[in-house]
Amino acid sequence: MKVVAFNGSARKDGNTAILVNAVFGELKKAGIATELVQLAGKKIRGCTACGKCFEKQNNRCAVKGDIVNDCIEKMLDADGIILASPTYFADVSSEMKALIDRAGFVAKANQDMFRRKTGAAVVAVRRGGAIHAFDTINHFFFINQMVVPGSSYWNIGIGREVGEVKQDAEGLQTMKTLGENMAWLLNKLNG
Ligand SMILES: Cc1cc2nc3c(=O)[nH]c(=O)nc-3n(C[C@H](O)[C@H](O)[C@H](O)COP(=O)(O)O)c2cc1C
């Protein structure tokens, strides 16, 4: 089994990545393969509303020249998908929203192709807006008929400068519990 995570932060290996790795730790203990795709520095644009995904129905986005089709392939290949983002102006980053809109539209054009995969949101935040970002990500999972495990708190970790999130003991514990629950659910669904 495999879980792929997408880190929407503009900062590679920052707080969001640290939180994802805390979830990965528990998945790995359960023998689940993991891959982290960091969007930082990569080309990614928003949906152009061309509707070609609905015309062609080939599991692909018609916009070429960026990483979205690679990301969609990785999502299709995985049993579980983590969408992780820092909080930017009380929502996900632009890069994460671009991925949500484009992968989401392609999935809707192709019979909800992520249906019954497991999904989890991970959010880093300095102070406010994390719940809104968490909700944005969960909207993607639920409209795609995905199955979402919970944790002991909503999946957020608090920190500003890189590494500060490691001081948020409750946030890290939330991520570990999420990893345990995600592994449990993946085994129930695919084991
Ligand atoms: C453009 C921008 C907007 C931000 N907006 C918020 C915000 O609305 N609320 C908040 O608490 N933190 C905000 N932050 C802080 C980040 O969410 C925080 O530093 C987070 O830990 C960054 O994660 P990263 O290290 O993975 O990039 C913002 C940061 C940036 C760069």
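Predicted model: local features only at pLDDT ≥ 70, side-chain atom pairs only at ≥ 80, totals over all residues.

Trainee: How much space lies in the largest pocket, and which residues are closest to its centre?
Mentor: The largest pocket holds about 300 Å³ of space. It is lined by 17 residues, and those closest to its centre are Arg-11, Pro-86, Thr-87, Tyr-88 and Arg-160. Sorted by class, the lining has six nonpolar, seven polar and four charged residues.

Trainee: What is 2.6 Å from the side chain of Ser-9?
Mentor: For polar contacts, we look for pairs of N or O atoms within 3.5 Å. An oxygen atom of the ligand is 2.6 Å from an N or O atom in the Ser-9 side chain. Thr-16 also places a polar side-chain atom 2.6 Å from a ligand oxygen. With Asn-15 the backbone takes part: one of its N or O atoms lies 2.8 Å from an oxygen atom of the ligand.

Trainee: How much of the ligand does the protein bury?
Mentor: Think of the ligand alone, then with its cover. Alone, the ligand exposes 640 Å², and the protein buries 77% of that.

Trainee: What about cavities: how many of 30 Å³ or more does the structure hold?
Mentor: A pocket is open, whereas from a cavity the probe cannot get out. The structure holds one cavity of 30 Å³ or more, and the volume of the largest cavity is about 70 Å³. Its lining includes Cys-47, Cys-50, Cys-53 and Cys-61. Helix H4 (residues 94-109) gives the most to this lining, with three residues. By class, the cavity lining has eight nonpolar, two polar and one charged residues.

Trainee: And how many charged residues line the second largest pocket?
Mentor: Five, together with four nonpolar and three polar ones. About 190 Å³ of space lies in the second largest pocket. Among its lining residues are Lys-52, Lys-56, Arg-60, Lys-64 and Asp-66. Helix H2 (residues 52-56) gives the most to that lining, with three residues.

How values were computed. Residues numbered from 1 in each chain as written. Heavy atoms only, no water. Polar contact = N/O pair within 3.5 Å; in protein donor to acceptor, adjacent residues only side chain to side chain. Areas by Shrake-Rupley, 256 points an atom, 1.4 Å probe, with all protein chains shown as cover. 1 Å grid on protein atoms, 1.4 Å probe; cavity = no way out; pocket = protein on both sides within 12 Å on 5 of 7 lines; lining within 4 Å. Points joined across faces, edges and corners; volume = space filled by probe spheres on them. Helix = DSSP H or I, 4+ residues; strand = E, 2+ residues; numbered from the N terminus. Nonpolar A, V, L, I, M, F, W, Y, C, P; charged D, E, K, R; others polar.
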